[in-house]
Amino acid sequence: PGIFRKITEGLTTQSDIANVRAMAEKYMSNPRSVILAVIPANVDIATQEILDMAKVHDKEGRRTLGVLTKPDLVDRGAEDHVVNLVRGTNHKMKLGWCIVKNPGQQDLKRDDQFDRHSLEAAFFKNETVWSKLDRTRVGIASLRLRLIDILTEIVRREFGNVCL
């Protein structure tokens, strides 16, 4: 679940905030869980609570993968900071960072038969700053493969701890 801090009248309550946080903490405390630290690429990661929460539950960083979203909303001139995150030169994480681009509202309105994977691939191929990134760190398909690798490693590591 996504961590949130603000009550939305008629939609969320203080109790919802506490319940979601408790649920996230419970999942994160499980040594067999992967922690996806999903953060919009257009915000300062220093303000993102999820990274501190992940560090509490995954001190060695063996289960935490950073996932950046919304690269299309990054201000012109600020892209280098995001590129350096994905490349691991800023805020280095053991499992690193991936970056994905989901369809925006205009994409969804344009065509109900659109192919989200083709749109994402075209974005990362055609946008100069993003086209230089390692293909294994870009897009949902790469994220899926990365998660398979991470889960496989966790299963190998934890298999002996499973009670039959």
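Reader: Which residues does Ile99 touch, beyond those up to four places away in sequence?

Author: In this predicted model, Ile99 touches Leu68, Pro71, Val82, Val86, Phe124, Trp130, Leu133, Arg137, Val138 and Gly139.

Reader: What makes the set around Leu51, Leu68, Trp97, Ile99 and Trp130 a nonpolar core?

Author: A nonpolar core needs buried nonpolar residues joined through side-chain atoms within 4.5 Å. The largest such core has 25 residues, and those five have the most contacts inside it. Elements giving two or more residues to this core are helix H1 (14-29), strand S1 (35-40), H2, helix H3 (79-87), strand S3 (97-99) and helix H5 (116-126).

Reader: Why is Glu158 called buried?

Author: Buried means under 20% relative accessible area. Glu158 has 12% relative accessibility, so Glu158 counts as buried. Glu158 lies in helix H7 (residues 140-158). Leaving aside neighbours within four places in sequence, Glu158 is in contact with Pro31 and Arg32.

Reader: How do you know that Asp58 has no salt bridge?

Author: A salt bridge needs a side-chain nitrogen of Lys or Arg within 4 Å of a carboxyl oxygen. For Asp58, the nearest side chain of opposite charge is Arg63, 4.0 Å away, and no salt bridge is counted.

Reader: Where is Asp58, and what lies 3.1 Å from a polar atom of its side chain?

Author: Asp58 sits in the loop between helix H2 (49-57) and strand S2 (64-69). The backbone nitrogen of Arg62 lies 3.1 Å from a polar atom of the Asp58 side chain. Not counting residues up to four places away in sequence, Asp58 touches Ile35, Arg63 and Thr64.

Technical notes: Residues numbered from 1 in each chain as written. Predicted model: local features only at pLDDT ≥ 70, side-chain atom pairs only at ≥ 80, totals over all residues. Heavy atoms only, no water. Helix = DSSP H or I, 4+ residues; strand = E, 2+ residues; numbered from the N terminus. Buried < 20%, exposed > 50% of the residue type's maximum accessible area, 1.4 Å probe, protein only. Lys, Arg positive; Asp, Glu negative; His and termini not counted. Polar contact = N/O pair within 3.5 Å; in protein donor to acceptor, adjacent residues only side chain to side chain. Contact = heavy atoms within 4.5 Å.
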